[in-house]
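Welcome, and take a moment to look around before reading on. The notes below go through one part of the structure at a time.

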Amino acid sequence: MNILVIGTGYVGTTTALVFAEMGWKVTGLDTDQQKLDQLQKGILYFHEPGLKELLLKHNNSGQLQFTSNKKEAIQKNDVIFICVGTPSRPDGSADLSYVKQVAEDVAYHMNGYKLVVNKSTVPVGTQEKVTEWISESNRNAHPYDVASNPEFLREGKALEDSLHPDRIIIGTESDRAAKLLQKLYSSMNSEMIETTPRTAELIKYASNAFLATKISYMNELSRLSDRLEVDIREVAKGMGLDLRIGSRFLQAGIGYGGSCFPKDVSALQQTAEENGMKLQILEQVVNVNKSQYLYLLDKAKNRLGDFAGKKVAVLGLAFKPDTDDIREAPSLRLIQDLLGQQATVHLYDPIAKLPADFTHDHLTVVPMAEDVFKEADVVFICTEWTMFQELDWKSMHQQMKQPNLFDGRNMLDAETMKSLGYYYEGIGYK
């Protein structure tokens, strides 16, 4: 099989590289020539551990190539993966315009049987729409199948998750398509679930929404832990040892962000509303997440009185470590709120960068983590980068005007920080 991956964004590039690593001949197709030029030169335009090395390896191995030639790419490949974006519309629903364009391109250029596999995160029923869109534009009535094969990648762990997935979901009602996908993934030692396309699509949304629910549940519980003078980290440890619950996604903090959870929770809510119902638990999941960063701000405000004229240090911009993704990052909301309260903000992140249009006279991005501490009245930790644990916190204390430390990720040891002279508070942890 020759494999075509349409869309060389985060998911598409990762998918293409992993299939190449599995030994398949892979082509990455995109209309963005700048992206293609970078990838062809071995330049990974986003941060994800391990992928740059894989890109250099397979650019040289001949297993992987990139192109903008739709006709040639579609005609030369047997299996076509759709990995384009499905951004949220203003009402929260998923915008499928890019998916539709791919379906129409495939139909227009196909020269024989094609298996079209949707890996983009899409609402339930999208496989049927793609099938319909291809049928409407299939001039020569070539045979084809459309399957759903959702991805379950954690940003920062995408390579590990792709090479050693917890499960492989194949949504199709075609025996031919199922056998091709079984062959494609035959080298992976993972449980493979074959189901209907609609079920596969819902599994993806339901999985992300459930993980978001775990996060918001622990974040709300952290507020109660503060009232009860209980360490939320110990609560999480005790809960996580129960195999029915598990330890993942029980860490309290300032909320989830990124390209998946906010968008997918919103899309699932919209799907429910379109079918005459509301997912009431998810409504509260979103409410808690939107307000969680304010909980940390209020802690600091109670300590400082207000932020007007104060110098505030922010450590971490990315929504999680080992990625440069700042989409829906709680740090952005926190910074905007601080600036609105007349604070002067100094920001450091080792990888992530602010959007070009995110500027303010009282906002400064500094080149080194140590630089944010100078004359600061308070420090907020928004991303749990390992390097922040390794800072010389004793020395940093001496540079601050007021040694107030608010740990939005509970990554530092409270007693150690207090012994160094800091006023320390975390989330549900003091």
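Thr195 is part of strand β8, which spans residues 191–195; strands (E, at least two residues) and helices (H or I, at least four) are DSSP runs, numbered from the N terminus. With a relative accessibility of 17%, Thr195 counts as buried, where buried means under 20% relative accessible area, exposed over 50%, and partly exposed in between, using a 1.4 Å probe and protein chains only. Leaving aside residues up to four places away in sequence, Thr195 touches Ile169, Ile170, Gly171, Thr172 and Ala200; contact here means heavy atoms within 4.5 Å.

A word on the model: it is predicted, so local features need pLDDT of at least 70 and side-chain atom pairs count only at pLDDT 80 or more, while totals for chains, interfaces and linings use all residues. Residues are numbered from 1 along each chain as its sequence is written, and side-chain values use heavy atoms, with hydrogens and water left out.

## An open parallel sheet

Two strands are taken to pair if DSSP finds at least two bridges between them.

Strand β10 (residues 344–348) runs parallel to β11 and is joined to it by 3 bridges. Leu347 has Val365 in β11 as its bridge partner.

Strand β1 (residues 2–6) is mostly covered, with 4 of its 5 residues buried. Its pairing with strand β2 (residues 25–29) is parallel and has 5 bridges. Look for Asn2, which stands opposite Lys25 in β2.

## Two helices with a buried face

Helix α6 (residues 126–137) has 12 residues and spans 17 Å from first C-alpha to last, close to the 16 Å expected at 1.5 Å a residue; the expected span is 1.5 Å times one less than the number of residues. Its buried residues are Thr126, Gln127, Val130, Trp133 and Ile134. Viewed down the axis of α6, these fall within an arc of 125°, so they line one face of the helix; the arc is that of the directions from the helix axis to the C-beta atoms. Among the elements covering them are β4 (79–82), α5 (97–109) and α9 (197–228).

In helix α8 (residues 175–184), the buried residues are Ala177, Ala178, Leu181 and Leu184. These too line one face, because they fall within an arc of 125° seen down the axis of α8. Asp175 and Lys179 are exposed on the other side of α8.

## Two residues with positive phi

Glu328 is not a glycine, yet it has a positive phi of about 60°. It sits in the loop between β9 (311–315) and α13 (330–340), and at 46% relative accessibility Glu328 counts as partly exposed. Glu375, another residue other than glycine, has a positive phi near 60° and is found in the loop between β11 and β12.
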